[in-house]
Amino acid sequence: MYKILIVDDEPKIREVIKEYAEFSGYEVTEAEDGMSAVGLCKLNDYDLIIMDIMMPKLDGFSACKEIKKIKDIPIIMLSARGEEYDKLFGFELGIDDYVVKPFSPKELMARVNAVITRKNGAAQQAQSVMKFKGLEINIAARTVTVDGVKVDLTPKEYELLFYLVENKNIALSRDKLLSDIWGYDFFGDDRTIDTHIKNLRNNLGPYRDFIVTLRGVGYKFEFEG
């Protein structure tokens with residue numbers, strides 16, 4: 001059973017996250033401030049930390065920095081602020097994801113699952129062929145086949161498809177796709193993502209609908225099975 005540490009000074013938020021996490025099969029420990037979180041990490045091992053930024057005694061950023069000095073634990077930051085600076089600073093500290101309040105507990109759990117899968121199952125996943133009906137994707141070999149026929153994608157189309165698949169059923173904003181695939185120093189706009197998505201869909205043919213448009217948000221690779 002994977003162990004999660006939830007760090008937030010608001011009891012109700014901890015309670016909601018804990019309820020959903022335990023329902024998803026995780027073992028949960030709680031902390032109400034960054035100082036307590038650092039102390040718990042010195043004594044225990046966790047598979048993932050969900051941590052708020054604005055907290056008394058020691059804020060989330062400072063706690064993250066201290067924890068990273070002693071253990072390499074994946075961290076998802078929570079914040080009521082969605083400023084780009086906060087996100088950039090968090091990723092520079094080594095966090096794995098950033099969720100803005102108010103958030104959907106179900107989506108937060110999907111992000112938790114995705115981070116843990118990437119961290120603990122990356123090797124196995126990279127070596128396996130993922131199948132979605134007649135669509136087969138081999139990340140290690142960088143190959144994609146549609147109904148047994150290999151399709152040729154541009155390097156960025158490969159990266160975009162692999163990223164969407166690795167975060168299956170998770171809503172991904174255009175900003176996140178741009179920052180994680182093209183990099184923070186990329187000088188472009190949302191149309192870059194839209195153009196690549198259009199080309200990607202054309203290449204996937206009968207499976208183009210696996211890439212779902214979320215109006216006003218971005219995209220997600222949707223597949224149940």
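Reader: Which conventions apply to the model?

Author: The model is predicted, so local features need pLDDT of at least 70, side-chain atom pairs count only at pLDDT 80 or more, and totals for chains, interfaces and linings use all residues. Residues are numbered from 1 along each chain as its sequence is written, and side-chain values use heavy atoms, with hydrogens and water left out.

Reader: Which side chain of opposite charge is nearest to Asp33?

Author: A salt bridge is a side-chain nitrogen of Lys or Arg within 4 Å of a carboxyl oxygen of Asp or Glu. Buried means under 20% relative accessible area (1.4 Å probe, protein chains only). Asp33 is buried and has no salt bridge; Lys57, the nearest side chain of opposite charge, is 4.0 Å away. A polar atom of the Asp33 side chain does lie 2.7 Å from the backbone nitrogen of Ser36.

Reader: How many residues separate strand 11 and strand 12 in their hairpin?

Author: Strands are DSSP runs of E with at least two residues, and two of them pair if DSSP finds at least two bridges between them. Here 3 residues lie between the two strands, and Gly216 in the turn has a positive phi of about 80°. The pairing is antiparallel, over 4 bridges, and Thr213 has Tyr219 as its bridge partner.

Reader: How many residues does the largest nonpolar core have?

Author: Such a core is a set of buried Ala, Val, Leu, Ile, Met, Phe, Trp, Tyr and Cys residues joined through side-chain atoms within 4.5 Å. The largest has 33 residues, with Leu161 and Phe221 among those having the most contacts inside it. Helix 6 (helices being DSSP runs of H or I, at least four residues) gives the largest share, 7 residues. A second, separate core of 22 residues includes Val7 and Ile73.

Note on methods: Buried means under 20% relative accessible area, exposed over 50%, partly exposed in between (1.4 Å probe, protein chains only). Lys and Arg count as positive and Asp and Glu as negative; His and the chain ends are not counted. A polar contact is a pair of N or O atoms within 3.5 Å; within protein, one must be able to donate a hydrogen and the other to accept it, and residues adjacent in sequence count only if both atoms are side-chain atoms.
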